[in-house]
Amino acid sequence: MALWTFFGLARGRATSDWPEGDAQAAGQHGVQGMPRVTAQACAESCAACVAACPTDALHQVEVPGGADAAPRLGIALDYGRCIACQRCVEVCPVGTLQASHDWALAVRARADLRFDPQQGTPARDTLALELQNVIARRFRHSLHIRHVDAGSCNGCESELQALMNPFYNLHRLGIFFTASPRAADLLLVTGTVTEPMREPLRAAWEAMPEPKWVMAMGACAISGGMAREGYAGGSGLQGLIPVDVYLPGCAPNPAAIMHALLLLLGRSEQHLHGGRRDG
């Protein structure tokens, strides 16, 4: 024990400053994130990215042309389905889809995960958002989470476990995991929500005291991910219980999870609106 104490004193503080600072502080420097749609129109008659996407996150839509120009085809992207496999980026011949370092993409509304060149950024319900923030501020420094694995591959669980290590040290933010839903403020769900897990999940939700929130973590909990609507897979939380925060990815990294939790508490900002990254 004395040896480890000396080692710790010699190395100094290991904990990150995240959410303060940049990706380097988050331990995610150089990490590849979600693809970006950088142009409205695709190459003529090209649908390579749609064919390559394993989760049907992409589809083609008509993009209006100019005054005398005929409509062209563009790409709509659902980040709630995207697993950031980069296949679409690899097969795109003109750079319409490009790689990015965007990984902190938690949102409050499902619509904000959908990019559609036919539509602008959806209007925000500022009154509802302000009400949510007023309630969440009471939990700013004391949030208790009940995690439920509803059919995950354990990729998300691996990232959740990393929150407990000395680098991220989630407890310093006043955020804790609890074994009982009766002591929880937030129900954090991972996995596709398989049929056998629907009733236990609903029971956990109903056992939680008010006010309570739900976070869908990962593509599986949002839309079903790779295993959606299969013989053993579900379609995520859609239509089962209300969701307050959506965190896309497969799997979201620990820094992205922290951003999502702080977004719920009004301690961080949402960076994605209408599928478009701010700035």
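## Cavities and a sheet

The largest cavity holds about 100 Å³ of space, and keep in mind that you're looking at a predicted model. Lining that cavity are 15 residues, and those closest to its centre are Cys53, Pro54, Cys82, Cys85 and Cys88.

How many cavities of 30 Å³ or more does a search of the whole structure find? The count is 2. The idea behind such a search is simple: rolling a probe the size of a water molecule over the atoms shows where empty space is left.

The second largest cavity has a lining made up of Cys42, Ala43, Cys46, Cys49, Ile75, Cys92, Pro93, Val94, Thr96 and Leu97.

| Cavity | Volume | Lining by class |
|---|---|---|
| Largest | about 100 Å³ | 12 nonpolar, 2 polar, 1 charged residues |

Three strands make an open sheet in the order S2-S3-S5, and their pairing is antiparallel. Strand S2 (58-63) and strand S5 (114-115) sit at the edges with a single partner strand each, so one side of each has no neighbour in the sheet. In general, strands of a sheet pair through backbone hydrogen bonds, either parallel or antiparallel.

Strand S3 covers residues 72-78 and is joined to S5 by 2 bridges, with the two running antiparallel. Which residue in S5 stands opposite leucine 77? That's phenylalanine 115.

How values were computed:
Residues are numbered from 1 along each chain as its sequence is written. This is a predicted model: local features need pLDDT of at least 70, side-chain atom pairs count only at pLDDT 80 or more; totals for chains, interfaces and linings use all residues. Side-chain values use heavy atoms; hydrogens and water are left out. On a 1 Å grid over the protein atoms alone, a cavity is a set of points where a 1.4 Å probe fits but cannot get out, and a pocket is an open set with protein on both sides within 12 Å along at least five of seven lines; lining residues have an atom within 4 Å of a point. Grid points are joined across faces, edges and corners, and a volume is the space filled by probe spheres set on the points. Ala, Val, Leu, Ile, Met, Phe, Trp, Tyr, Cys and Pro count as nonpolar, Asp, Glu, Lys and Arg as charged, and the others, Gly among them, as polar. Two strands pair if DSSP finds at least two bridges between them. Helices (H or I, at least four residues) and strands (E, at least two) are DSSP runs, numbered from the N terminus.
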